[in-house]
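Subject: Structure handover and findings

Hello,

The structure is pasted below. My notes on it follow.

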Amino acid sequence: MNNASRTPLNWYTGGEEDADVNETEEWLTAFEQVVEIEGRDRACFLLKKLLEKGYEKDVVLPFTGNTPYINTIPASEEPPYGGDRAIERRLKSIMRWNAMAMVVRANKKYAGLGGHISTFASSATLYQVGFHHFFRGRGESGFEGDVIYIQGHGSPGIYARAFLEGRITVEQMDAFRREVSVRGGLSSYPHPWLMPGFWEFPTVSMGLGPISAIYQAKFNRYLRDRGLRDPQNRKVWAFLGDGETDEPETLGAITLAAREKLDNLIFVINCNLQRLDGPVRGNGKVIQELETAFRGAGWNVIKVIWGSDWDPLIEADNTGLLVQRMNETLDGEYQKYVVEPGSYFRQHFFGKYPELLELVKDYSDEQLHALRRGGHDPVKVYAAYKAAVEHQGSPTVILAKTVKGYGLGEAGEGRNVTHQQKKLSEEEMRFFRDRFEIPVSDQELPDAPYYQPPADSQEVQYLRERRRALGGFMPNRRVRTEPTPIPRTGVWERFFEAVDRDVSTTMVFVQILTQLMKDKELGPKVVPIVPDEARTFGMESLFRQFGIYSHVGQLYEPVDKAMLLYYREATDGQILEEGITEAGSMASFIAAGTSYATHGIDMVPFFIFYSMFGFQRIGDLIWAAADMRTRGFLLGATAGRTTLNGEGLQHEDGHSHVLASVVPNLRAYDPAFHYELAVIIRDGLKRMYEDREDIFYYITLYNENYPMLAKPEGDAVEEGILKGLYKLRPAPASPASPASDAPGDRPRAHILGSGSLMGGALKAQEILAQRYGVAADVWSATSYKQLRYDALEAERWSLLHPDQEPRKPYVVSLFEGDQSPIIAVTDYMKSVPDQIARWLPGRLFPLGTDGFGRSDTREVLRRFFEVDAEFVVLATLHQLAERGAIDRAVVRQAVADLEIDPEKPNPLFS
Ligand SMILES: Cc1ncc(C[n+]2csc(CCOP(=O)(O)OP(=O)(O)O)c2C)c(N)n1
Ligand SMILES: [Mg+2]
């Protein structure tokens, strides 16, 4: 800022009585002289000294994180505008029109399709200035430039731009929100899944864009610090709504961004003062509230509140009352000034102080009403963006004040209903057309036709030239297509042998991860992510070996430095220890798992978390990850309602596999043994990084130690593990003919075990054979979800091809013609095995852990939830009796023999 003194600002004392005007004047004059003669630094020092003296004397200023309600960058410091204002204005008007037209046309033809006009109407300038002057495209390599999170509801404006650029046809514009009926139809919001060559970041679930952007900026640093890529100059821009800041995810990670000094990150918050239902902070001022939050967190805050036509007024105000009035006025009132005529504004805003009425006496009501807000003024926005990209040492947030539904007039400008406005009357369109001078005739108006200037027009030429200069059109999703080879040998074999020691699948996972990290090719690309649970999962061995990532390294000596496995932070550390934030960790997972698209490099994230705090806590981020075609592994550790036994109701997870079942491109597995885990991870790596499939994985890991069996022989085993089911241990030999494995005429059954309850399944098999003469095969069910998807696919094909041989689901082929009962036992809810029930010839009887968890020993919990070996036995006998294969008396006796209390409480309801 320059040294010229500003106009007086009563922003801090405004409204307070001045008990001694002369004394105040003396102090102020003395202070002014200090500034003028000795400079700002000295003035600052004196202020600090005064503050200190105040504390000494118990004179403490009330805290404020605010600066006055005016632009952070004064007019005198604005850089010259970097473009052709007139052409840009025309372009912006055309885009506004076309964005409106696509929504209006869609809803005229197909009532109820929806879409948003008013969001982009308020943010058109914010995007325009960025696209013409700041946002760098993906360049020659396809993996350079800036990374932009676009506000979901602004999508019509982004399509309107792509339309002018010639990237989207009229037919596509007319197929907005009709993706099924029209090939190339445009998705409602940014969805990489649906428009993989266009959208990069799904943002429409509010709050996910901002938190993803923060961790993306952090991940870019990580790539640089680890020497893998150098995206330091790639700015991460996140556009969000002011209402969106209500979401905890939006503000929840802002301290991290400042702590990490992410000056590659810029938030642009479109403060149109409204959300869907009404004002964001009608009784306050959202910009001031956000300023405090971001400044308090350590961000560089740039407020863009008033447009250039306010500059002379602010300049001319020599009383300080104008800024005082700006400060006093509530958002609810500011909104009203938009809707009411200029006379109202004059009376209620300026009219409060006679000096202000005097100030605007030469302004007509129309002129007053037309005074623009900063976010609609390219000059102000340009100045803010330039300052933001040049700023160093901390992230920047731009708080831009705008009008929701700007330009819609009576049809919605500033109205509470504007968010939902999708149709305009002819009259309203005429107003819009005239206001933005769109060359559409009165006759054409009812159709709301698009306006496309010719390709050789000045406007289109300008648009294209700007994007050429900045590295190409945006958004523009690109992906790496070259495979990254995964280790074929060396890593896996050791996990195929039996392990006599008792170990857990979590320990096995850490071993596999360690092996992968040591692999020369793949190792450096592995990104272990953990939200403050590494010790819980036995991962502390990785700290020393691979280091915990910290941009500044380790500035202190860790308390455990003398120990072998000390807490080692390092600039090139590989582990992302994110602290207690599953949301932040997931955002890092997404950044890493999409770097094949964002950066053209394959990274392999393994995000390991408390399984209970995964899907149910951050399911929406996982859904966004799926949309974004994120690749990598989610590991739900401490899995199982009864296996994690001491932690009780809030920790014990018996349903993440139900929640995982809903994500279409997620492969969910619940392995029991080390070799299953190895086979699944090996296949996952191959599919994602060699075959380039857009899938990701969820694998549950248990903390129960038990012996790991050797991988059974035969290709069918690996195939079965991946497809979700294979025969693990056939029924033991009949006592009558011990030499033979044949079941003979003994009653037959199948037991499907999963995860850590496999031990109980195997024990039940023995009890059934020894005590009841029942021959039960034990199967390992690694994925009911995979089995179900396979069956659904086969079934659907057969439905659609009635004249051809029906396709057989894998699970059907396993049990074909076999009517024996099938008992499934899982540490998850019964609905998990139920997923395959209708394809089984014999009725499936699931045992699972429905109900609230609680603390006790595993044995007690498994009895309580009715999933222990005895219950498997009982259920098997019961099912056999149902079919008449054994006598009911046997079941009755078994209840007593197995010491099962028939009157025990039902875990589901207790
Ligand atoms: C998580 C989530 N909850 C609710 C919505 C529904 N929704 C869409 S837009 C909107 C209001 C947006 O207000 P604001 O963030 O201020 O954006 P503006 O359109 O005003 O720029 C709401 C509630 C959503 N998209 N995501
Ligand atoms: Mg808003």
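Which residue caps the N-terminal end of helix H34 (residues 888-897)? Asp887 does, with a side-chain oxygen 2.9 Å from the backbone nitrogen of Ala889. Just after H34, Glu899 has a positive phi of about 55 degrees.

Some conventions before the rest. This is a predicted model, in which local features need pLDDT of at least 70 and side-chain atom pairs count only at pLDDT 80 or more, while totals for chains, interfaces and linings use all residues. Residues are numbered from 1 along each chain as its sequence is written, chains are lettered from A and ligands numbered from 1 in the order in which they are written, and side-chain values use heavy atoms, with hydrogens and water left out.

Overall

The protein chain has 34 helices and 20 strands (DSSP runs numbered from the N terminus: H or I of at least four residues for helices, E of at least two for strands). Along the principal axes, its C-alpha atoms fill a box of roughly 110 × 75 × 55 Å. Of the 910 residues, 59% are buried (under 20% relative accessible area, with exposed over 50% and partly exposed in between; 1.4 Å probe, protein chains only). Among contacts (heavy atoms within 4.5 Å) with a separation of 6 or more, 78% are between residues 24 or more positions apart.

Magnesium site

The protein donors of the magnesium ion (ligand 2) are Asp242 (OD), Asn272 (OD1) and Gln274 (O), at 2.0 to 2.1 Å. Donors are N, O and S atoms within 2.8 Å of the metal (3.2 Å for Na, K and Ca); water is not among the atoms, so the site may look incomplete. The donor spacing in sequence is D-x29-N-x1-Q. Asp242 sits in the loop between strand S2 (236-241) and helix H8 (248-252), and Gln274, 32 residues away, in the loop between strand S3 (265-271) and helix H10 (286-297). Asp242 is buried at 1% relative accessible area, and Gln274 is buried at 3%.

Helix packing

Axes here are lines fitted to C-alpha atoms, for helices over the stretch in contact, and angles run from 0 to 180 degrees between N-to-C directions. Helices H1 (residues 21-38) and H2 (residues 40-56) pack at about 140 degrees with axes 6 Å apart. H1 is therefore oblique to H2 (under 35 degrees is roughly parallel, over 145 roughly antiparallel, 65 to 115 roughly perpendicular, the rest oblique). Trp27, Phe31, Val34, Val35 and Glu38 of H1 meet Arg40, Arg42, Ala43, Leu46, Leu47 and Leu50 of H2. That contact has eight nonpolar, no polar and three charged residues (Ala, Val, Leu, Ile, Met, Phe, Trp, Tyr, Cys and Pro are nonpolar; Asp, Glu, Lys and Arg charged; the others, Gly among them, polar).

The axes of H3 (residues 85-109) and H19 (residues 458-469) come within 10 Å and cross at roughly 95 degrees, which means H3 is roughly perpendicular to H19.

Two buried side chains

Glu200 lies in the loop between helix H6 (170-173) and H7 and is buried at 10% relative accessible area. Its side chain makes a polar contact of 2.8 Å with that of Arg138 (a pair of N or O atoms within 3.5 Å; within protein, one must be able to donate a hydrogen and the other to accept it, and residues adjacent in sequence count only if both atoms are side-chain atoms).

Gln216 is in helix H7 (residues 208-225) and is buried at 1%. Not counting residues up to four places away in sequence, Gln216 touches Val147, Tyr149, Phe201, Val236, Ala591, Thr598 and His599.

Regards
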